[in-house]
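Student: Let's go through this model piece by piece. I'll ask, you keep it short.

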Amino acid sequence: MDYEFEPPATPAVPVHGGSKFPVRRIFCVGKNYADHIREMGGDAKKSSPVFFTKPADAIVMTGASIPYPQGTDDLHYEGELVVAIGNSGRDLTERHEAGALIFGTACGCDLTRRDLQAAAKKAGAPWDASKAFDHSAPVAPIGRWQDFSPDAFDGARLVTKVNDEIRQDAPLSAMIWTVPEIICALSALFELRAGDLIYTGTPAGVGPLNRGDRVEVEIGTLPALEFSIAE
Ligand code: MN
């Protein structure tokens, strides 16, 4: 039988050096840097990883101009390391098992409608409207794990700039939950599959974006992310 209408194209992220990574699901980690938990008024010691999701078609390529989203007056950037999953796994407990799932990593930005998130938190309501909106997941080309893991992670810092001004600057080593720990914890809740992306949380320094702003996220030697908010 024919489809009623043409199925939407599979969202895909360029892989550094050629080919495309088709996106299946996007998982995100909340509360993964102690200094960001404090700036949001939380207590790092009491926090466990919080997971939420975005739709696969929320991805935005580097170089894009993103329309200021509807329904908010407080759009925020959150520069993040993104992990791309290349193999299936569930109920993983060992670091090496988690490592075997990693296809590569990328610079990303978890765009957030902060005013809607604050309202959802206050009401004990779901976060979807604050996190899972259109164009909310900018991501740079993915660096393959074998090409970028040592250079990207040995003492690498996550740096977010807005209009060339540094707003976030933190070592990846400040993550509360390491990448293997995140993969193990997620795999206890969801079967991870090739095509999944994981946004691993943001350090302190989040803030608002206005029309015309240009955002850059850099991590070590990974391909940088750059996008702007349309006028
Ligand atoms: Mn985030």
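Student: How many bridges join strand β17 to strand β18?

Tutor: There are 4, and the strands run antiparallel. β17 covers residues 214-219 and β18 covers residues 225-229. Two strands count as paired if DSSP finds at least two bridges between them. Strands (E, at least two residues) and helices (H or I, at least four) are DSSP runs, numbered from the N terminus.

Student: Ground rules before we go on?

Tutor: This is a predicted model: local features need pLDDT of at least 70, side-chain atom pairs count only at pLDDT 80 or more, and totals for chains, interfaces and linings use all residues. Residues are numbered from 1 along each chain as its sequence is written, and side-chain values use heavy atoms, with hydrogens and water left out.

Student: Which order do the strands take in the open sheet of 5?

Tutor: The order is β6-β18-β17-β13-β14, with mixed pairing. β6 (65-66) and β14 (165-171) are the edge strands, each pairing on one side only.

Student: Is Glu78 buried or exposed?

Tutor: Glu78 is buried, at 4% relative accessible area. Glu80 is buried too, at 0%. The cut-offs: buried is under 20% relative accessible area, exposed is over 50%, and partly exposed is in between (1.4 Å probe, protein chains only).

Student: How many residues of strand β9 are buried?

Tutor: 7 of its 8 residues, 102-109, so β9 is mostly covered.

Student: And what does β9 pair with?

Tutor: β8 (residues 79-85) joins β9 through 7 bridges, antiparallel. In that pairing, Val83 stands opposite Thr105. β12 (residues 143-144) joins β9 through 2 bridges, also antiparallel. There, Gly104 has Arg144 as its bridge partner.

Student: Which residues of helix α3 are buried?

Tutor: In α3 (residues 114-123), Arg114, Gln117 and Ala120 are buried. They fall within an arc of 120° seen down the axis, so they line one face of the helix. The arc is that of the directions from the helix axis to the C-beta atoms. Lys122 and Ala123, on the other side, are exposed.

Student: What covers the buried residues of α3?

Tutor: The cover includes β7 (75-77), β10 (112-113) and α4 (128-131). Ala120 itself has 8% relative accessible area. Beyond neighbours within four places in sequence, Ala120 is in contact (heavy atoms within 4.5 Å) with Ala125, Pro126 and Trp127.

Student: What follows α3?

Tutor: Gly124, with a positive phi near 65°.

Student: Last one. How much space lies in the largest pocket?

Tutor: About 280 Å³. That volume is the space filled by probe spheres set on grid points, which are joined across faces, edges and corners. A pocket, on a 1 Å grid over the protein atoms alone, is an open set of points where a 1.4 Å probe fits, with protein on both sides within 12 Å along at least five of seven lines; lining residues have an atom within 4 Å of a point. The lining includes Arg95, Trp145, Phe153 and Val179. α2 (95-99), α5 (145-153) and α6 (179-187) each supply at least two lining residues.
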